Structure formats: structure tokens, C-alpha cells
Amino acid sequence: MAARSLWAVRRRVQRLLTSSAAWENRGWLPPFSTATQRTAGEDCSSEDPPDELGPSLTERALRLKAVKLEKEVQDLTIRYQRAVADCENIRRRTQRCVEDAKIFGIQSFCKDLVEVADILEKTTECISEETESGDQTLILEKVFRGLSLLEAKLKSVFAKHGLEKMAPIGDKYDPHEHELICHVPAGVGVQPGTVALVRQDGYKLHGRTIRLAQVEVAVESQRRL
């Protein structure tokens, strides 16, 4: 049995070799040769469609990125326009507030001065009524009483709004607060270079000088300059 099987295999190999030689003599390639396989592979590769998947994905990604950037630009443009509009509105409101402050900044002060005017008006009316009766003593008393009340009210209004009168007598001369009128000889207890006499009172508003005090300054010389 083994001999027969071996003999059958040999016959098959001889047939294959014979058929292969016949194919080569005719110029054909054997069906199982490597050349045939290579040619078939080359034909298959040549018939494959070009790879267009890569460029398509790249182009799509670029388009999506461009759309995203365009949307961001539009968003930033809208934000910029809103910011410009807000700044313009703030500028207008600020300008309006400044103008109102210039016009109505002394509203409270004027309201308090109206009360002073009321006192002065009532005092004047009382003096007019008493003048007809001819009692001079009573007239003077009412005038003094009215003026005292008026002075007290003015001081109260000034203090309320931060307006204070300077008291520079005995202070060292300061050109930022005092206006020099003349020099006077330094008397007893008066130091040279200090204010000896006030001709006109000066005033400060919240610590800032708004009117210089007209003063006479003491000097060592006995001559009045």
C-alpha cells in the first residue's frame, strides 16, 4: 500500500512538471507562479481608486475652524460695540451730573440763606412800624435784637456748610491766608512778623482759603510803612 501511494505521488509530480514545461514552451506563465501572483497584485493595486479620504477630512476640519473663528469675530464685534455704547452712555451721564453739580451745588446753602433773608425782612418790617410811633428806644432795641438774631443765624449757616471765619491775630504772617495792608510797630506782647490787626476778616471753606484776611503785621521798626 505504501509503495502504491508513493508511486501515485511521483506520477502527479511528473505530470505537474510536464504541464509547467509545456506552459513555459508556449510563452505562458504557470497559473501558480510568483510572477503571475505579482502581476495580479499589481493589476489590483492599479485598479484601486485614489485615496481621497485624507484631503476630504482636512478640508472639512479647516472649514469648521473657519466657521468657528468667524463666529468668534462676530461675538467680539458685538461685545466691542456694546462696550463703546456703554462708555458713551456713562460719559453723557457723568457730564450731566457735573453740570447739575455746578448749577445745584449750592442749593442747600441757598436754602439756609433764605431763612436769614426772612429774619432780615421781619426786622425791617418791625422797624418800619415802630418808626411811625416815634419811640426811638424801642426801635433801637428791636434793631439790635434783629441784628443779633441775624448774626447768630448766619454763623449757624456758615458752620453747617463748613465756612469758618479766620482769627489770625497773633498768628505768623502767611501770604496764603493773609493780605498785607501795612506794617505797624510791635507793641507789648506782640511778636514781630505776626498779625497785629485785622482790617477785613478772611474765610475758609472746608479748610481751603476762599478770601484772604486783610491784616497789619507787626515789625520791630517804629516807623509805619
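Let me begin with a single side chain and its surroundings. Please note that this is a predicted model. Valine 217 touches Tyr173, Leu180, Cys182, His183, Val184, Gly193, Thr194 and Ala196, leaving aside residues up to four places away in sequence. Is this valine 217 buried or exposed? Its relative accessibility is 4%, and because buried means under 20%, valine 217 counts as buried. The C-alpha atom of valine 217 is separated by 9.1 Å from that of valine 198, which is 19 residues apart from it along the chain.

Valine 217 belongs to strand S6, residues 213-219. That brings me to the sheet around this strand. Three strands make up an open sheet in the order S2-S6-S3, and their pairing is mixed. At the edges stand strand S2 (178-185) and strand S3 (195-200); each has a single partner strand, so one side of each is left without a neighbour in the sheet. On average, neighbouring strands here are turned by 30° against each other, direction ignored. Between S2 and S6 the pairing is parallel, over 7 bridges, and leucine 180 stands opposite valine 215 in S6.

I turn now to the other sheet. Here the order is S1-S4-S5, again 3 strands in an open sheet, with antiparallel pairing. Neighbouring strands of this sheet are turned by 35° against each other on average, direction ignored. Strand S4, residues 203-205, pairs with S5 in the antiparallel sense over 3 bridges. Within that sheet, tyrosine 203 has arginine 211 in S5 as its bridge partner.

How values were computed:
Residues numbered from 1 in each chain as written. Predicted model: local features only at pLDDT ≥ 70, side-chain atom pairs only at ≥ 80, totals over all residues. Heavy atoms only, no water. Helix = DSSP H or I, 4+ residues; strand = E, 2+ residues; numbered from the N terminus. Buried < 20%, exposed > 50% of the residue type's maximum accessible area, 1.4 Å probe, protein only. Contact = heavy atoms within 4.5 Å. Pairing = 2+ DSSP bridges. Axes fitted to C-alpha atoms, helices over the stretch in contact; angles between N-to-C directions.
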